[in-house]
Amino acid sequence: MEPYIQISLLNDFIFCPRSIYFHQLCATSSTKFYHTHYQTAGLNSHKSIDEQGYSTSTAVLQGIDVFSEKYRLCGKIDTYDSEKKILSERKKKIKVIYEGYVFQLYAQYYCLIEMGYTVNHIKLHSMDDNKNYALSLPEKDKQMNNKFEKLIHDMQSFDLQSPFFPNMSKCAKCIYSPLCDYALVD
């Protein structure tokens, strides 16, 4: 039986599949040793969700655990408005809508649907500038949904020993590059 994939790792895997290994390796260490100010700011901006203090409305579910048996996914949602049927993924500052952001939202969507919730709209929310980006539901965007399903398959079948081709621009931004024997940075 395949283990469950953490929703939060979808974007990381797209960035670099090897980063998940290093993330797990460092999981018991204090993040102050390897997080940059960007990761710390992102974590701090999610505190209101994690502590369920974003909204006092009983219609807004915040930071609840979700899972999907079909996709073998688990994690937490940011917010789900049960009256408006809107699922939102919050990011500190959205400059570009990366596929990883979309796939995290798709994963949360599928988890909620499988758990019996109705979701009519999904959106990304950029906290710093208070902008919302409405996305199509997965079944309305077959191309992106197929990419999402391929990502899940790729993650489930990934082998750390398989051939790997590093990307210089990603290595330069990777907080784990000092640990990686493939890193293309000094």
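First, some wording: two strands pair if DSSP finds at least two bridges between them. Strands are DSSP runs of E, at least two residues, and helices are runs of H or I, at least four, all numbered from the N terminus. Keep in mind this is a predicted model, where local features need pLDDT of at least 70, side-chain atom pairs count only at pLDDT 80 or more, and totals for chains, interfaces and linings use all residues. Residues are numbered from 1 along each chain as its sequence is written, and side-chain values use heavy atoms, with hydrogens and water left out.

So, β7 and β8 run antiparallel, joined by five bridges, and Ile-122 stands opposite Leu-135 in β8. On to β6, residues 86–91, which is joined to β7, residues 121–126, by six bridges, and those two run parallel. Ser-88 has Lys-123 as its bridge partner in β7, and Ser-88 is also the partner of Thr-79.

Now the whole sheet: it's open, five strands, in the order β2-β5-β6-β7-β8, with mixed pairing. At the edges sit β2 (60–62) and β8 (131–135), each pairing on one side only.

How many residues of β6 are buried? Six of its six, where buried means under 20% relative accessible area with a 1.4 Å probe, protein chains only. Ile-86, Ser-88 and Arg-90 point one way, while Leu-87, Glu-89 and Lys-91 point the other.

Definitions and conventions
Buried < 20%, exposed > 50% of the residue type's maximum accessible area, 1.4 Å probe, protein only.
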